[in-house]
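Good morning, and thank you for coming.

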Amino acid sequence: MVRHHTPSLSFEVFPPNPAVGNEKIIQALREMQDIAPHYISVTASNNKFNIEETTVRLADFIYNDLKIPTIAHLPAVYLTKEMVSDTLQALDKVGVHRILALRGDIFPDVAPKDDFKYATDLIEYIKEEAPHFDIIGACYPEGHPDSPDRVSDIRNLKKKVDAGCSSLVTQLFFDNDRFYDFQERCILAGIEVPIHAGIMPILNRNQALRLLKTCENIKLPRKFRAILDKYEHDPESLKSAGLAYAIDQIVDLVTQDVAGVHLYTMNNAATAHHIYQATHTFFS
Ligand code: FAD
């Protein structure tokens, strides 16, 4: 499939713990504003039940104060229909009408609620309750860790998109070839919505180690492992190499006509600026 278009550049941020306060993230977002990202998405905690105080409040600021299109994440496996309706109303009130509809991770020692077993259930509910919301879905180029095989994963993704996703955002990945294989599998399965590629620049070894623990399904290419090994005790070089690696991934993705790049900023405006400086001609 040949596509010729300008890809989008978007960012993900996360709300800080309410005890810490929003000062730092607000400053970071103000610094990201002049990049004019296509949208900023705001993550949500799966089990703290404080989405209005955290995600909705930050989404309100991005959308209404900074005037940047905003997506609110909504993981629902531990929510009831009433709780989801309350969140939809809170988002309605601040004018944010785009949701990344998620199941959320299931914790082995906490039983899920009955209302939303999969993201698809949430999408169907939102489509019925509040059809004016635009819904985005999550996807996993290297397969979701709960999936027994890639065939069922793609079949379930097709059901999710058919339930009403206008686009998809991927889990982070470091091997672009795995993303291209996934895109092909999606097309073969009749999944034709735009897929935005999730890219996370690795800036330090602890961040890399945390990722390896939480994203066991992600393959680390030899080139990437070599960076982690060589600069284990040289944080400045590791940071430079991590940024260069992310830029290299983005150059390859836009060359292959990716629909969009979604940067996992980790709330770091300097990272967003560094990546933007190196790649902005592709996105304007
Ligand atoms: P689903 O799409 O429901 O899929 C989960 C599993 O169930 C998959 O294995 C799938 O194949 C299977 N499945 C789906 N439908 C069916 C069906 N009908 N029958 C049988 N099996 C099925 N988590 C948070 O807590 N907060 C966040 O803000 C957040 N943001 C994220 C952003 C992105 C871009 C991504 C990729 C992930 C994010 N996550 C977040 C993590 C996400 O919540 C977890 O990965 C979670 O385990 C799966 O959520 P999902 O919506 O992709 O699930």
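I begin with Gln249, which is buried, since its relative accessible area is 4% and the limit for that word is under 20%. This residue belongs to helix α9. Please bear in mind throughout that we are looking at a predicted model. What does Gln249 contact, leaving aside its neighbours within four places in sequence? The partners are Phe173, Phe174, Asp175, Asn176 and Ile199.

The largest nonpolar core has 70 residues, and Val13, Leu29, Ile62 and Val84 are the members that touch the most others. Helix α9, residues 235-255, gives this core its largest share, 6 residues. A further core lies apart from that one; it has 23 residues, including Phe174, Ile218, Leu228 and Leu238. Phe174 has already been mentioned, as one of the contacts of Gln249.

Let us look at one member of the largest core in detail. Leu29 sits in helix α1, residues 23-33. Is Leu29 buried or exposed? Its relative accessible area is 0%, and therefore Leu29 is buried. If we do not count residues up to four places away in sequence, Leu29 touches Val13, Ile40, Leu58, Phe61, Ile62 and Leu66. As a further point of orientation, Leu29 and Glu53 are 24 residues apart along the chain, and 18 Å separates their C-alpha atoms.

I now turn to the ligand. The residues around it number 26, and those that come nearest are Ala44, Arg103, Asp105, Tyr140 and Lys160. By class, this shell is made of 11 nonpolar, 9 polar and 6 charged residues. In the side chain of His73, an N or O atom is 2.9 Å from an oxygen atom of the ligand. For Tyr118, a polar side-chain atom lies 3.5 Å from a ligand nitrogen atom. Ala119 takes part through its backbone: an N or O atom there lies 2.8 Å from an oxygen atom of the ligand. How much of the ligand's accessible area does the protein cover? On its own the ligand has 980 Å² of accessible area, and the protein covers 84% of that.

Which elements give two or more residues to this shell? They are β3 (70-75), β4 (98-102), β5 (134-139), α5 (150-164) and β6 (167-170). The largest share, 4 residues, comes from α5.

Ala119 also takes us to helix α4, residues 119-129, where Ala119, Thr120, Leu122, Ile123, Tyr125 and Ile126 are the buried residues. The spacing of such positions can be read with a general rule in mind. An α-helix has 3.6 residues a turn, so residues three or four places apart point the same way. The cover over the buried residues of α4 includes β3, α3 (81-94), β4, β5 and α5.

Next, the loops. His144 is located in the loop between β5 and α5. His144 counts as buried because its relative accessibility is 16%. Its contacts, leaving aside neighbours within four places in sequence, are Arg103 and Asp153. Along the chain, His144 and Cys215 are 71 residues apart, whereas their C-alpha atoms are separated by 9.6 Å.

Thr80 occupies the loop between β3 and α3. With a relative accessibility of 18%, Thr80 counts as buried. Leaving aside neighbours within four places in sequence, Thr80 is in contact with Lys113, Asp115 and Phe116.

Most residues other than glycine have a negative phi. Phe49, in the loop between β2 (40-42) and α2 (52-65), has a positive phi near 55°. Lys67 is not a glycine either, yet has a positive phi of about 60°. The loop that holds Lys67 runs between α2 and β3. Is Lys67 buried or exposed? Its relative accessibility is 64%, so Lys67 counts as exposed.

Thank you for your attention.

How values were computed: Residues numbered from 1 in each chain as written. Predicted model: local features only at pLDDT ≥ 70, side-chain atom pairs only at ≥ 80, totals over all residues. Heavy atoms only, no water. Near = heavy atom within 4 Å. Polar contact = N/O pair within 3.5 Å; in protein donor to acceptor, adjacent residues only side chain to side chain. Areas by Shrake-Rupley, 256 points an atom, 1.4 Å probe, with all protein chains shown as cover. Nonpolar A, V, L, I, M, F, W, Y, C, P; charged D, E, K, R; others polar. Core = buried A, V, L, I, M, F, W, Y, C linked by side-chain atoms within 4.5 Å. Buried < 20%, exposed > 50% of the residue type's maximum accessible area, 1.4 Å probe, protein only. Contact = heavy atoms within 4.5 Å.
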